2 protein chains.
Amino acid sequence: MIIKKNPEQLEIKHNMRGGAGDIELTHIAESGVLGEHCRLFSQIRVKPGDSIGEHQHLGEQEIFYFIQGNGIVIDNGKKAEIRTGDVMITPDNASHSVINTGDEDLVFIALILK
Amino acid sequence: MIIKKNPEQLEIKHNMRGGAGDIELTHIAESGVLGEHCRLFSQIRVKPGDSIGEHQHLGEQEIFYFIQGNGIVIDNGKKAEIRTGDVMITPDNASHSVINTGDEDLVFIALILK
């Protein structure tokens with residue numbers, strides 16, 4: 001089944017997890033397709049200066065794959081610079097945040113597995 | 001945990017599934033991280049004119065999210081044009097192939113869920 005790019009995939013989250021700005025989530029597939037072991041498979045776009053606030057994952061792990069831009073993350077309490085091609089793995093019980101410190105959109109793929 | 005972009009993520013498959021050229025797979029996370037319900041989470045790069053041959057998935061489903069370029073797929077027997085932002089969902093027992101018919105690399109994220 002082909003799903004052509006469409007506005008219904010897009011969700012805007014204002015001040016996501018206490019962060020700054022409007023975060024754009026493009027949902028690649030819905031829960032009915034992903035099944036019980038995958039909670040989210042989305043592309044996330046963070047504009048320059050915007051951020052997703054620090055938060056913990058419980059009963060699941062999240063993997064970020066950065067495909068454009070650069071920024072700073074808090075990776076379970078440790079600050080790190082990230083850029084295109086880097087991966088952040090946040091295991092069950094761990095926490096993270098993301099800040100776009102660059103001058104272009106920071107774009108990444110997010111996958112949550114249970 | 002941050003995994004900086006590195007050559008160990010990259011796998012080259014020649015004539016993948018009977019297709020043309022050298023297909024580049026960047027493995028975002030390994031099986032030990034993905035667990036028993038996710039077999040693959042990778043970025044796939046197909047150069048202009050190259051292809052992944054038609055093949056069937058059994059006991060799993062695959063989701064492609066196209067992030068660059070354009071091409072043609074055989075989506076379970078039906079030919080379709082795809083471009084950036086499109087999604088192809090290949091359920092259990094279904095088949096697919098991908099051909100880069102454009103003049104830039106065709107890049108997509110592939111997720112296999114069991």
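The model is predicted: local features need pLDDT of at least 70, side-chain atom pairs count only at pLDDT 80 or more, and totals for chains, interfaces and linings use all residues. Residues are numbered from 1 along each chain as its sequence is written, chains are lettered from A and ligands numbered from 1 in the order in which they are written, and side-chain values use heavy atoms, with hydrogens and water left out.

Now the sheets. Strands of a sheet pair through backbone hydrogen bonds, either parallel or antiparallel. Here two strands pair if DSSP finds at least two bridges between them. One open sheet has 7 strands in the order E2(A)-E3(A)-E4(A)-E11(A)-E6(A)-E9(A)-E1(B), with antiparallel pairing. Its edge strands are E2 (10-14) of chain A and E1 of chain B, each pairing on one side only. At the chain B end, 2 bridges join E9(A) to E1(B), residues 2-3. There A:Met88 stands opposite B:Ile2.

Another open sheet of 7 strands runs E1(A)-E9(B)-E6(B)-E11(B)-E4(B)-E3(B)-E2(B), again antiparallel. E1 of chain A and E2 (10-14) of chain B are its edges. Within it, 8 bridges join E4(B), residues 38-46, to E11(B), residues 106-113. B:Leu40 stands opposite B:Ile112 in that pairing.

Next, the interface. Contact (heavy atoms within 4.5 Å) involves 34 residues of chain A and 34 residues of chain B. The two chains bury about 2900 Å² between them, 64% of it on carbon and sulfur atoms. Buried area is the accessible area (1.4 Å probe) that two parts lose on being put together, summed over both.

The interface holds 2 salt bridges, each a side-chain nitrogen of Lys or Arg within 4 Å of a carboxyl oxygen of Asp or Glu. A:Asp86 forms a salt bridge with B:Lys4, the closest N and O atoms being 2.5 Å apart. On the chain A side, elements that each supply at least two residues include helix H1 (31-34), strand E4 (38-46) and strand E9 (87-90). That side has 21 nonpolar, 7 polar and 6 charged residues.

Over all chains, the structure has 10 salt bridges. A:Glu24 pairs with A:Lys47, the closest N and O atoms being 3.0 Å apart.

How values were computed:
Helix = DSSP H or I, 4+ residues; strand = E, 2+ residues; numbered from the N terminus. Nonpolar A, V, L, I, M, F, W, Y, C, P; charged D, E, K, R; others polar.
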